[in-house]
Amino acid sequence: MPQKDPCQKQACEIQKCLQANSYMESKCQAVIQELRKCCAQYPKGRSVVCSGFEKEEEENLTLKSAS
C-alpha cells in the first residue's frame, strides 16, 4: 500500500481556500506558504503534491543560469 502523501493536508487546504475565494490565488497566499513549508521538509520526489513547486524551482534555476 502506498504511503500517504505527507503534504496532502496542505494541498487540500489550498483547494478549499481557492474554492471559498472564487479562485483568487492572492487570497490564499498564507495557505500556499504552508504547503511550501511542508514541501521543504521532504526530499524531492517524496510528495506528489509538491512536484509543481519542484518543477517551478528547476525552471527558475534554469532561467537564472541562462542570464
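At a relative accessibility of 13%, C17 counts as buried, where buried denotes under 20% relative accessible area, exposed over 50% and partly exposed the range in between, for a 1.4 Å probe and protein chains only. The model is predicted, so that local features require pLDDT of at least 70 and side-chain atom pairs count only at pLDDT 80 or more, whereas totals for chains, interfaces and linings use all residues. Residues are numbered from 1 along each chain as its sequence is written, and side-chain values use heavy atoms, with hydrogens and water left out.

C17 is joined to C28 by a disulfide with an S to S distance of 2.1 Å, a disulfide being a pair of cysteine sulfur atoms within 2.5 Å. C17 belongs to helix α1 and C28 to the loop between α1 and α2, so the bond ties together parts that are 11 residues apart in sequence. Helices (H or I, at least four residues) and strands (E, at least two) are DSSP runs, numbered from the N terminus. The link of C17 and C28 is left-handed, with -100° about the S-S bond. C28 is buried, its relative accessible area being 0%.

In total, the structure holds 3 disulfides. Another of them connects C7 with C38 at an S to S distance of 2.0 Å. Because C7 lies in the segment before α1 (8-20) and C38 in helix α2 (residues 29-40), this pair ties together parts that are 31 residues apart in sequence. The torsion about its S-S bond is -95°, and the link is left-handed. Both ends are enclosed: C7 is buried at a relative accessible area of 0%, and C38 is buried at 5%.

A disulfide also joins C39 to C50, with an S to S distance of 1.9 Å. C39 is located in helix α2 and C50 in the loop between α2 and α3 (51-66), so parts that are 11 residues apart in sequence are tied together. The torsion about this S-S bond is about -90°, so the disulfide is left-handed. C39 is buried with a relative accessible area of 12%, and C50 counts as buried at 1%. With bonded cysteines counted along the chain, the disulfides follow the pattern 1-4, 2-3, 5-6. The sulfur of C12, by contrast, is 11 Å from the closest cysteine sulfur, in C7, which is too far for a bond. C12 is partly exposed, with a relative accessible area of 34%.

Helix α1 has 13 residues and reaches 18 Å from its first C-alpha to its last, close to the expected 18 Å; the expected span is 1.5 Å times one less than the number of residues. Within α1, the residues A11, I14, C17 and L18 are buried. They cover an arc of only 120° around the axis, which puts them on the same side of α1; the arc is that of the directions from the helix axis to the C-beta atoms. An α-helix has 3.6 residues a turn, so residues three or four places apart point the same way. The buried residues of α1 pack against α2, with contact meaning heavy atoms within 4.5 Å. On the other side of α1, K9, Q19 and A20 are exposed. The helix is followed by S22, which has a positive phi near 50°.

S47 is situated in the loop between α2 and α3 and is buried, with a relative accessible area of 3%. Residues up to four places away in sequence not being counted, S47 touches D5, P6 and C7.
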